[in-house]
Amino acid sequence: MTKTLVSHVGIAVKDLESAIKSYEILTGVQNPAIENVESEKVKVALFSSGSGRIELLAATSEDSPIAKFINKRGEGLHHICIYVDDIESKLSELKKAGIKVIDETYRTGAEGKKIAFVHPRNLNGVLIELEER
Ligand code: CO
């Protein structure tokens, strides 16, 4: 059985409402689910159709990681999220291999999923989010 590898890509945006309008046209998906993730200080719009989705991420506070990202690098691709079967064992496997993780253990992300971030340093400059299936 094949498993889907990519859960979603996250895109950092300044103005969520105007980004939603553009991505509605782009994807053909109307009225994306909106979620406030207070722990991350972000408002998320989820464009979903079949497998794989696009997450638009807007900061809800100046000290949000997304606000910091946009100040430093501008809008654009923020992260790619890949599925893993067991997030704790994947985190320890990565650490053993010398791949720097941001989260030592999982946290609860949008939709109550178990997620963790892996540092871009050892992954060719791309911030990777892990999501347990
Ligand atoms: Co994400």
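How are the donor residues of the cobalt ion spaced in sequence? The spacing is H-x46-E-x23-H-x49-E.

1. Basis. This is a predicted model, where local features need pLDDT of at least 70, side-chain atom pairs count only at pLDDT 80 or more, and totals for chains, interfaces and linings use all residues. Residues are numbered from 1 along each chain as its sequence is written, and side-chain values use heavy atoms, with hydrogens and water left out.

2. Cobalt site. His8 (NE2), Glu55 (OE), His79 (NE2) and Glu129 (OE) are the protein donors. They lie 2.0 to 2.5 Å from the cobalt ion. Donors are N, O and S atoms within 2.8 Å of the metal (3.2 Å for Na, K and Ca); water is not among the atoms, so sites may look incomplete.

3. Geometry. The arrangement is irregular because the four donor atoms subtend angles of 84 to 173 degrees. Four donors count as tetrahedral if all angles lie between 85 and 135 degrees; four count as square planar and six as octahedral if opposite donors are over 155 degrees apart and all others between 65 and 115; anything else is irregular.

4. His8 sits in strand S1 (residues 6-12) and Glu55 in strand S4, 47 residues apart. Both His8 and Glu55 are buried (under 20% relative accessible area with a 1.4 Å probe, protein chains only; exposed is over 50%, partly exposed in between).

5. Sheet. Eight strands form an open sheet with mixed pairing, in the order S2-S3-S4-S1-S5-S8-S7-S6. Strands (E, at least two residues) and helices (H or I, at least four) are DSSP runs, numbered from the N terminus. Two strands pair if DSSP finds at least two bridges between them. The edge strands, S2 (33-37) and S6 (107-108), each pair on one side only.

6. Strand pairs. S1 and S5 are antiparallel, over six bridges. Here His8 stands opposite Cys81 of S5. S5 and S8 run parallel, joined by five bridges. Ile82 stands opposite Leu130 in S8. S3 (residues 42-48) and S4 (residues 53-59) are antiparallel, with seven bridges. Phe47 has Ile54 in S4 as its bridge partner.

7. Aromatic pair. The structure holds one. Tyr23 and Phe47 are tilted, 6.2 Å centre to centre and 50 degrees between the planes. Rings of Phe, Tyr and Trp (its six-membered ring) pair if their centres lie within 6.5 Å; planes under 30 degrees apart count as stacked, over 60 as edge-to-face and the rest as tilted. Tyr23 is in helix H1 (residues 16-27) and Phe47 in strand S3, so the pair ties together parts 24 residues apart in sequence. Phe47 is buried, at 3% relative accessible area.
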